[in-house]
Amino acid sequence: QIRFLYSHPQFTLKPSMALPFSELSGQLWLVLVVILFNSFKYFTLATVLTSFATNEYGVSDVQAGSLYGVWGLCHTIWGFVGSLAVDRYGIRKVALVATFTGVISRGLLVFFHSERIMQLVLCGLGPLSEGVCDPLYMVAIKKLTKRRVRAFAFGLQYAFMNLGGAFGENLIDCVRLHTWMMPWGQEYSGLRFCLFLTWFAAVIGWLFAMQLRDPPVKLPPHWSPVLESNTFNQQASAGYVALLYPSPASTASGPSSPGQCCSPASSPSSHEPCEIVIHTEDARAAPQAPPRNDILQQMADVDVECDTPIRVRVWDPLRAARVYVADDAFQRAVFMTAAVMFVSLQWKYMDTLLPKFADRTFGASCPWATIYSINSWMCVICPPLISALTPGDQVDDFWLILPGLWIMALSPLTIWASVSQPATALWVVLLSCGEVMWSPRSQSFIASLAPEGREGVFLALAGLPTFLSQYPVGLISGWLLDNYCPQCPSNDNQSCTLDPEWQADPAAMWLWVAATSAVSPILVAVALGYLRTDTALLKSRCIDDC
């Protein structure tokens, strides 16, 4: 039961900057630390991959782009497998397997000087360890947070992920122009030494993952969306405090609410319904009210649990896919993922286009990795601030998503207007401003549509548009470089602008990037009414038959 025990004229629940931090569990902070080290490992490889393949093994731009595309494609495939594994085996087991595999795969890439081994790693163990971690993080954060702080937690996740990337990118500029003599007598190039440092990060991430624990299973309550949105997800009004008590017995008919969409107890379901009764009592009727501290604690932990057994059912993946495809929330998630895909390709272009574009246009001394790190540092600082200043229960997600998409989509026009290092840095600044506005909110929006207990499968299937774009973006990057910013005829690909035989048009390349990116905000703007359907109604639905 939910019973309003008493009122106090001076007692109110108000949002505070410190409140989101106080509601984050120790396990969530541990997940964030694992994200930090794994993102250092991932972003460093992603940034130097095409240059590493070309400089170490003489791979062409198109071949390097194709290799990058295959790596991204395998990354997405293993992400889908990881989503299934997280739902079935839990966070801890999947995290241990993924991080340990990362140690092995990165070691093979660093310690074996073989193009064949590089290809096998980038098409096998490497994407396995990194792809599995993506759904793992999202599911872990969703399970370890409550709705009122979930947007803030995703903002922190975004910050920690980019903090690891920022360290890696700044490190690249510090070591890439030098050769390094290793203790065992081998000489490593600067790019290989960068990857050697990521192997250390993989080991540390694995050690932290060993401390992870799966969150306790909590059965989702059957209540009306009106009750959830007004009682649990908004501030307590008139000083009333809600205390939660387990229902003494479940009813056969379940909750009686106009918005009820779940099956009664007699129907096939993965859990039994709980009876929720709301009582309001005057303060004089509750002379033995609990202390204020106890009330705050119980309000922070307000969740519904039922002491009823869970019936184990055999899961049919094909049937589950059919149910998801027919689900309105899933369709919205897929559309949102597909719509933002065009602008999100700019992240891939930062990996595949920026390093070679900067080296060939401005020379090897251009600090392109430091320019790249502007994005990561801004994504470290800005998302938690934006999340705290624009709470998810007070600010509509699309008030930030749509302007952010436009800013990021048009940002490459700065390089089109002026092919220079300052213009390149300005592109990264504008890209980052748009990214920190739309990307965390987009992740939070899509994750909020996922049904309880099926988050991994939902997020994996919703990410199918991203999966389909992974390989083509690598080929497109190689084609753009080959046509608009090719290798130098001489000068060993350094300072190509000094070579009179170099035929290139870098400005046209970035105009092409801006034009294709603009598709995303246009699609979201056109479908805004469809996407902004009240998400509170979506929370009332159940997908129990899968």
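This is a predicted model: local features need pLDDT of at least 70, side-chain atom pairs count only at pLDDT 80 or more; totals for chains, interfaces and linings use all residues.
Residues are numbered from 1 along each chain as its sequence is written, and side-chain values use heavy atoms, with hydrogens and water left out.

**Stop 1: helix 3**

Select residues 61-89, which form helix 3 (helices are DSSP runs of H or I with at least four residues, numbered from the N terminus). Its 29 residues reach 40 Å from first C-alpha to last, close to the 42 Å expected at 1.5 Å a residue (the expected span is 1.5 Å times one less than the number of residues). Now click on Gly90, which follows helix 3 and has a positive phi, near 95 degrees.

**Stop 2: Asp351**

Next, pick Asp351 in helix 12 (residues 328-352). Is Asp351 buried or exposed? Asp351 is buried, with a relative accessible area of 4% (buried means under 20%, exposed over 50%, partly exposed in between, with a 1.4 Å probe and protein chains only).

Show its surroundings: beyond neighbours within four places in sequence, Asp351 is in contact with Ala46, Thr47, Thr50, Tyr68 and Tyr372 (contact means heavy atoms within 4.5 Å).

**Stop 3: Val526**

Finally, go to Val526 in helix 21. In contrast to the buried Asp351, Val526 is exposed, with a relative accessible area of 69%.

How values were computed
Helices (H or I, at least four residues) and strands (E, at least two) are DSSP runs, numbered from the N terminus.
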